[in-house]
Every structure is written in structure tokens, then in C-alpha cells.
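I opened this entry to keep track of what I looked up in one model. My notes follow in the order I made them.

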Amino acid sequence: NLNNGTLIFESGDIFKVIPSVDLYDVSYSQQGEAQVMGFKGEQRFTSALLYVTSGVTPKIYVLQGHREYTLLKLGIQSTVEKENYAVEELDLIKTPDVPEDADIVLILSPEFDLTQREADALATYLENDGSAMFFFDYAAETYPLFNELLGSYGVNIGEGIVMERDRNHLYSPDNPLWIAPELLPHEINDPLISSSLTVLMPNSIPVKTLDIVKRNVIIEPLVQTSDNSWARIDIENTSMLKLDSDIDGPVDVVVAISKQKSDMREPEGYRMIVAGNAGFVGP
């Protein structure tokens, strides 16, 4: 049942169907009137071409067992699947290792820390050139084993919560916790920057780059607050103004981590994203 405007990409016996409604970002007014906000055909076309020419569907495993979000709960699983990804859940208590067909392991706002067995499984996966995305939200719990794992790649989930004073980086001018931080130039961010899109990240926690980082680890800030921001360490203090005990900004809230090649023949190596916010992933 194909409608007008549907596109079909085909190579041999493999094909991909893209309905016309999947080519545009559409928003609706309170009166129910549709308005096209942007064209997203390029990424749909690229995804379809990769699929029909390779016959491979990359697989995302979403970690479970710590009261995390799922892509379905965030309302974006169908969107991710339309980008030619298969999505499965992963419980490393029941499954001793990350499956060999994992292209990405996704961790979305865990409420509890890893067990040592889970941390070891993730470390083995990453050291075998795996890719992972860690999204944390503010929580009363601490993450010693998550931080031990991330620390081996040069970052930690920092203490406290991020606050912003620059009104150009706030989407509620009277609430310093409701931040709209700056997207820094990077191949991951460039499509968002060129489309003049803003990322909203309320109640973020800092991602801290450690003083000592392995020589072959590249850490690149992706999203950062302004110079007029700070990290509130004394979270019991509800003052909206900066305190002497606060840590001066700018504060990194998302970073990319990758392994530096020693020469061009070396495999790509691990790739990671670590973010101090998970809610912004949803629509």
C-alpha cells in the first residue's frame, strides 16, 4: 500500500521503502494546522542507500537492569528504526557479555550503578573497538563503577548540578537550571548547528575531564555552558545565585571520546558519547 511521494531504494533483492511523511519535520499549531519545520530527506536517503548496498542493519543494544529509560519509553524507537537501526534490550546480569553483533550499546539514565560483572563486560566490549553512548540524569545515587569505567577513558560524571546565568543560554530566564547550552563545532553537531536548532537540557550534571588522560584518548566537548555558568556542588543550598563553593564554568555537559590511531592502517577503535542529561534525547 504505497502512497504518492513514497520512495523506494532497491539493489538486487534488497529494498527500502521511505514514505513521504518521513522526509519532513512537521509541527502542529494549537489549531491543528501542520507546519513543515525542516527537510530530513538527506539522512533518510543515506540510511536507505547504506542498507540496500550493504544489506546490513546496525544493531543498538539498550542496557536494562538499572531502571533505565528505553527508546520506546522516550517515544523515539520508531524514529531510530526508520534510520535503519535494529533495537534490542540488553541485561548484562542475564547475559555475561555484550553480543558480538552490537554496533552500539546505549545507556539511558540509569538509577543504579553497575555491578562489577557488568562493568567488566562493558570494558571488554569497548576495548574490542565497541561504541557506546552514556546518558545520565541527576540522581541521589552515586556511580562508582560507572565512573571507574569512564575514568579509564578520561572522564567522570561530576558532582552537583549545572546552573547558568547567561540568558542567551536559558529557556526559562528565571530558572538557572533550565539550560540551553552551546553546541560546539563537531561533525556530530554540525547538522544541528546548520539548522539553527537549540538543545534543551534541564537539570544537567557536569561531565568532568580528568587531569590525567591516556595519550591515545581523544576527548572533544560537544555541548557546553557559557562562561557565566557554574556547577553547584552544595545541592542542599537552593540559592539561584552563584556561591563561593560553586565551580566556575564553562561546564561540559556532553563529550565525545575516541581512540587515537597510531597510523592509518589501525582500526577505528572505540567511540563513546557521555552526557550529563538523558531527557533531551526524547522528543
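I began with Ser 109, which counts as buried because its relative accessibility is 9%; buried means under 20% relative accessible area, exposed over 50%, and partly exposed in between (1.4 Å probe, protein chains only). The model is predicted, so I kept in mind that local features need pLDDT of at least 70, that side-chain atom pairs count only at pLDDT 80 or more, and that totals for chains, interfaces and linings use all residues. Residues are numbered from 1 along each chain as its sequence is written, and side-chain values use heavy atoms, with hydrogens and water left out.

Ser 109 has a phi near 60°, a positive value in a residue other than glycine. I found Ser 109 in the loop between S7 and H4. Helices (H or I, at least four residues) and strands (E, at least two) are DSSP runs, numbered from the N terminus.

Next I checked S7. It is largely enclosed by the rest of the structure, because 5 of its 5 residues are buried. One side carries Ile 104, Leu 106 and Leu 108, and the other carries Val 105 and Ile 107. Both faces are covered.

**The sheet around S7**

Which strands pair with S7? I noted S5 (residues 59–63), parallel over 3 bridges, and S8, parallel over 4 bridges. Two strands pair if DSSP finds at least two bridges between them. Leu 106 of S7 stands opposite Val 62. Leu 106 also stands opposite Met 133 in S8.

I then traced the sheet. It is open, has 8 strands and mixed pairing, and runs S6-S5-S7-S8-S19-S18-S15-S12. The edge strands are S6 (86–90) and S12 (182–183), each pairing on one side only. S12 pairs with S15 (residues 217–224) in the antiparallel sense over 2 bridges. There I saw Glu 182 opposite Gln 224 in S15.

**Helix H5**

Which residues of H5 (residues 144–151) are buried? I listed Leu 145, Phe 146, Asn 147, Leu 149 and Leu 150. Their cover includes S7 (104–108), H4 (116–127), S8 (131–135), S9 (155–157) and S19 (271–275).

Is Ser 196 buried or exposed? Ser 196 is exposed, with a relative accessible area of 64%.

I also looked at Pro 250, in the loop between S17 (247–248) and S18 (252–259). The peptide bond from Gly 249 to Pro 250 is cis, with omega near 5°.

**Whole chain**

The chain has 6 helices and 19 strands. Of its 283 residues, 43% count as buried. The C-alpha trace spans about 65 × 50 × 40 Å along its principal axes.

Among contacts with a separation of 6 or more, 65% join residues 24 or more positions apart; contact means heavy atoms within 4.5 Å. I counted 20 positive and 44 negative side chains, with Lys and Arg as positive, Asp and Glu as negative, and His and the chain ends not counted. The centres of the two sets lie 1 Å apart, each charge being placed at NZ of Lys, CZ of Arg, CG of Asp or CD of Glu.
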